[in-house]
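Colleague: Before we discuss any feature, could you show me the model and then take me through how each kind of feature is read?

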Amino acid sequence: MPKLMSKKKQVRMALATLGFSVLLSMPTVAALAFDIGFSPVLSESMKPTFRAGDLQITSPTKVDDVTLGDVILVRSEKNFATYSHRIVTKDLQDGFYQISLKGDSNPTIDRQIITVPVGVQVPRVIWNIPEVGTYVNYLSGTTSKKLLIGFGILLFGLTAFRFALGERNLQKER
C-alpha cells in the first residue's frame, strides 16, 4: 500500500505548483496590467549600455515626449526585425517627427530615418535586465511555448491527482 502524503506536504506541493504557475505568467500579467513590454537584445550595437542577451523593459511613450538620448524600439524596414537604438535627432515636419537613431557602438547614424506621426506612442526602453533576454528569446519560440504550457498542465494535473488520491486514502482509513 502506498505511503500517504501528510496534509502539510500536500499543501506545500500545491503552493509550489501555484508559485511556479505565477512565475510563468508574470510577464504576461506585467504587460497587461502595467502596459510594459519586453524585448531581448539581439546584437552588440548598443554596447556598453546593452549587450546581446540582455532583456529590455519598455513603456509606451508618446513620440512628442521622447527626447534626444532616449532609447526606443523600432522595426527594420529591411527584415522587420525589432531593434533598439538611441535618438540622436528629432525634427517635426508637417505633423510627423523625423527621428534619426544610432547604436552606441556604431560609428555612424543609422541610414533609416524613422517617421512617426505626432501623438503616436513608441516603445521607450526604461530598464534593462542583464543576460535574461537569451532565455526569453528561446522561450518565445512556438515549440518552447507549447512545451511550457504542456509542462504547466502536467504539473497541475499531477498535483490535483496526488491531492485527490491522498483525500481518497484518508477517507478509506476513516
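Modeller: What follows goes from the fold to a salt bridge, a surface patch and a pocket.
This is a predicted model, in which local features need pLDDT of at least 70 and side-chain atom pairs count only at pLDDT 80 or more, while totals for chains, interfaces and linings use all residues. Residues are numbered from 1 along each chain as its sequence is written, and side-chain values use heavy atoms, with hydrogens and water left out.

Colleague: In what order do the elements of the protein chain run from the N terminus on?

Modeller: Helices (H or I, at least four residues) and strands (E, at least two) are DSSP runs, numbered from the N terminus. Here the protein chain has three helices and seven strands, in the order α-β-β-β-β-β-β-β-α-α. Of its 174 residues, 27% count as buried, where buried means under 20% relative accessible area, exposed over 50%, and partly exposed in between (1.4 Å probe, protein chains only).

Colleague: Which side chains meet in a salt bridge?

Modeller: In general, side chains of opposite charge can pair when their charged atoms come close. The criterion is a side-chain nitrogen of Lys or Arg within 4 Å of a carboxyl oxygen of Asp or Glu. The structure holds one salt bridge, and the side chains of D104 and R86 meet in it at 2.9 Å, N to O. Because D104 lies in the loop between β5 (96-102) and β6 (114-117) and R86 in strand β4 (residues 82-93), the pair ties together parts that are 18 residues apart in sequence. D104 counts as partly exposed at 26% relative accessibility, and R86 counts as partly exposed at 22%.

Colleague: Which residues make the nonpolar surface patch?

Modeller: Such a patch joins nonpolar side chains (Val, Leu, Ile, Met, Phe, Trp, Tyr) within 5 Å, taken from residues with over 30% relative accessible area and no salt bridge; accessible areas come from the Shrake-Rupley method with a 1.4 Å probe. V11, L15, L18, V22, L23 and M26 make a patch of about 570 Å². Among them, L15 belongs to helix α1 (residues 7-34) and counts as exposed, at 54% relative accessibility.

Colleague: What lines the second largest pocket?

Modeller: A pocket, on a 1 Å grid over the protein atoms alone, is an open set of points where a 1.4 Å probe fits, with protein on both sides within 12 Å along at least five of seven lines; lining residues have an atom within 4 Å of a point. The lining here consists of S76, E77, K78, N79, A81, Y83, D110, R111 and Q112, and the volume, the space filled by probe spheres set on the points, is about 220 Å³.

Key: Patches are made of residues with over 30% relative accessible area and no salt bridge: like charges are joined within 9 Å, nonpolar side chains (Val, Leu, Ile, Met, Phe, Trp, Tyr) within 5 Å.
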